[in-house]
Amino acid sequence: MPLGSLRPSPLVEQATQHLREQITQGEWPVGTRLPGENALAKALGVGRSTVREALRALAGAGLVQARQGSGVFVIATAAATAIAEDWPARLRRAAITDVYEVRMMVETQAARMAAQRRTEEDVAALEEALAARARAASQDDAAFVDADIALHAAVVAAAGNPVLTDLFAEFAPALREGLIGLVEVLGLRSHDRNPGHDTHAELVAAVRDGDGDAAGSILQAELEQTLAHLHGA
């Protein structure tokens, strides 16, 4: 199957898709060594840098693997990569309770790490995020949920692990949608425009004071309470 030249649009995305189709449609079976960058660039009508980025995307998807001095090889087909579909897409389709359970496991440990690793800048960011959450109490539910998630993101960031930070960022859109719906359906702010302020203030204090056990326990209890609301909604 000829590759065909690409239109001048997001070229990396187009190149990635064309190369992915070669693999998923069986043109390049598992174990096949891909053509070199120059050959791929010529066939696709793009530059080598575009091909390089496309190959990195395919490697991230688990389809190919670069072997030092040997080239890039196909290591999985569509059947083998069905489980490794686009992560954000899987989160969008997942039940909010399933996402929340994973969030709880990740974030509770992140809070413990944050208490051990936080810097003065982290503490300042946490205190500002807590204040911003309080200010958002006068705004609508979406703004309040955004401020709440921002505070939790600051706790994760204080753990000093960029992988954890990126993972939480992937969860955030699904969490936001689910939490806004929960607040509206259950009327959680009908009597208290700033629910959970004291708990979040205790969490910030525990991280600031370096008390990992307290930080983890406070966050665990808070997230378990929200999860119970989600199960009952």
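Hi everyone, let's start with the second largest pocket, which holds about 200 Å³ of space. Keep in mind that what we're looking at is a predicted model. Which residues lie nearest the centre of this pocket? They are E37, L55, A66, G71 and V72, out of 16 residues that line the second largest pocket. Three elements, α3 (48-60), β1 (64-67) and β2 (71-74), each supply at least two residues of that lining. By type, the lining has seven nonpolar, four polar and five charged residues.

Now for the largest pocket, with about 380 Å³ of space. Here 20 residues form the lining, and the closest to the centre are R133, L188, P195, E222 and T226. Two or more lining residues come from each of α8 (141-158), α9, α10 (197-208) and α11. Which element gives the largest share? That's α11, with five residues. The lining of the largest pocket divides into nine nonpolar, seven polar and four charged residues.

Let's stay with α11 and look at a helix partner. Two packed helices are described by the angle between their axes and the distance between the axes. Helix α9 (residues 162-186) packs with helix α11 (residues 212-232) at an angle of about 70 degrees, and their axes are 11 Å apart. Angles of 65 to 115 degrees count as roughly perpendicular, so α9 is roughly perpendicular to α11. On the α9 side, the contact is made by G178, L179, L182 and L186, and on the α11 side by T226, H229 and L230. Those contact residues split into four nonpolar, three polar and no charged.

Key
Residues are numbered from 1 along each chain as its sequence is written. This is a predicted model: local features need pLDDT of at least 70, side-chain atom pairs count only at pLDDT 80 or more; totals for chains, interfaces and linings use all residues. Side-chain values use heavy atoms; hydrogens and water are left out. Axes are lines fitted to C-alpha atoms, for helices over the stretch in contact, and angles run from 0 to 180 degrees between N-to-C directions. Helices (H or I, at least four residues) and strands (E, at least two) are DSSP runs, numbered from the N terminus. Angles under 35 degrees count as roughly parallel, over 145 as roughly antiparallel, 65 to 115 as roughly perpendicular and the rest as oblique. Contact means heavy atoms within 4.5 Å. Ala, Val, Leu, Ile, Met, Phe, Trp, Tyr, Cys and Pro count as nonpolar, Asp, Glu, Lys and Arg as charged, and the others, Gly among them, as polar. On a 1 Å grid over the protein atoms alone, a cavity is a set of points where a 1.4 Å probe fits but cannot get out, and a pocket is an open set with protein on both sides within 12 Å along at least five of seven lines; lining residues have an atom within 4 Å of a point. Grid points are joined across faces, edges and corners, and a volume is the space filled by probe spheres set on the points.
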